[in-house]
Amino acid sequence: IVFCILSLLLNTNLNATHNRAGEIIIEQIGDCNNLTIKATIVTYTKASSAAADRDSLTICWGDGTCQVIARTNGPKGGPNGVPQGQFIGNDTKKNLYVAVHTYPGRATYIISMTDPNRNGGILNVNPPTSDVVPFHIQTTYTFLNSQFQGCNNTPVLLKPPIDFACVGQPFKHNPSAFDIDKDSLSYHLIVPLQGVNNNVPNYFFPNQINPSINNNISLNPKTGDLIWNSPQLEGEYNIAMIIIEYRLGVPIDTMVRDMQIFVQTCDNKPPDIVSPDEICVVAGEKISINVKST
């Protein structure tokens, strides 16, 4: 009997491993005087953890209210006939959860989502039990003065927060942020979260795993280029970045992106490319250059 109970507990823990990466995107609905937003929770989850799959998530709006919202992407199926998310390969599924909310007044709000489990086996999050650490993402959103500052939308990150690196080779990632309001953005590494402004326990930045003079990581605050030169140990890693949005030099919003990097041992190496660093050209003229790769 004891053996059976322990087996059930172990299986439950294994099936609960789930969240890989994600962020929350906010869009102001209607004209700038409206206090209504559309929030999109984007998560990337371990596809094989079917028992932990979420057909809905709870979003907290930062005004004292929370709401359960259903998944909106992928083919419909399952017992409830709800969308199942989008399989993107590498045991990963992309999930979208969309909801609309109206606020009581103009202010700054922290919009967040917390789910009980990250996926297991993350080398730099509470090793060796990353699966017992909650996964949390949040976006701080401000309703601006509609008369003088206009509408406000958070940036959209066009590059998925799932990427691949090779042992011993430089890795580069950029979230490809696009802000429809043309606000300025800055990027900074932070410790991933397990609750509102609450860091995960026992976290190591990727360069602290097998540290050496050849293992360094940096995030360019202006361009958003994440450079890891170079990974030393194969496995799964998580990093988090906070993207700060500025309107006329004043910070107005922040978005936390939690992303996962798969480090693999690779046989293939990228080519060395030699080409001009800068090119001057008049608009409308043709460019012809020689590029050499080895």
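Because the model is predicted, local features need pLDDT of at least 70 and side-chain atom pairs count only at pLDDT 80 or more, while totals for chains, interfaces and linings use all residues.

**Stop 1: salt bridges**

A salt bridge here is a side-chain nitrogen of Lys or Arg within 4 Å of a carboxyl oxygen of Asp or Glu. The count by this rule is 12.

Select glutamate 27 and lysine 38 to begin. Their closest N and O atoms are 3.6 Å apart, and the two form a salt bridge. Glutamate 27 sits in strand β1 (residues 19–28) and lysine 38 in strand β2 (residues 36–46), 11 residues apart. Strands (E, at least two residues) are DSSP runs, as are helices (H or I, at least four), and both are numbered from the N terminus.

Are these two residues buried, exposed or in between? Buried means under 20% relative accessible area, exposed over 50%, and partly exposed in between, with a 1.4 Å probe and protein chains only. Glutamate 27 is partly exposed at 35%, and lysine 38 is partly exposed at 29%.

Next, select aspartate 53 and lysine 93, whose side chains meet in a salt bridge with an N to O distance of 2.8 Å. This pair links the loop between β2 and β3 (56–60), where you will find aspartate 53, to strand β8 (residues 92–102), which holds lysine 93; the two are 40 residues apart. Aspartate 53 is partly exposed at 24% relative accessibility, whereas lysine 93 is buried at 6%.

Now go to aspartate 181 and arginine 247, another salt bridge, at 3.6 Å from N to O. Aspartate 181 lies in the loop between β14 (177–178) and β15 (184–190) and arginine 247 in strand β20 (residues 235–247), so the bridge ties together parts 66 residues apart in sequence. Aspartate 181 is partly exposed at 23%, and arginine 247 is buried at 13%.

To finish this stop, show Arg20, Asp91 and Glu236 together: salt bridges link them in a network.

**Stop 2: a three-stranded sheet**

Color β13, β19 and β18, which form an open antiparallel sheet in that order. Two strands pair if DSSP finds at least two bridges between them. Which strands are at the edges? They are β13 (171–173) and β18 (216–219), each pairing on one side only. Three antiparallel bridges join β13 to strand β19 (residues 226–229). For one of the bridge partners, pick phenylalanine 171 and look across to tryptophan 228 in β19.

**Stop 3: the nonpolar cores**

A nonpolar core is a set of buried Ala, Val, Leu, Ile, Met, Phe, Trp, Tyr and Cys residues joined through side-chain atoms within 4.5 Å. The largest has 30 residues, and Leu226, Trp228, Met241 and Ile261 touch the most other members. Strand β21 (250–264) is among the elements giving two or more residues, and its five residues are the largest share.

Zoom in on isoleucine 261. Leaving aside residues up to four places away in sequence, its contacts (heavy atoms within 4.5 Å) include Phe171, Leu226 and Trp228. Lastly, select Ile24, Ile41, Leu57 and Phe143, which belong to a second, separate core of 20 residues.

Definitions and conventions:
Residues are numbered from 1 along each chain as its sequence is written. Side-chain values use heavy atoms; hydrogens and water are left out.
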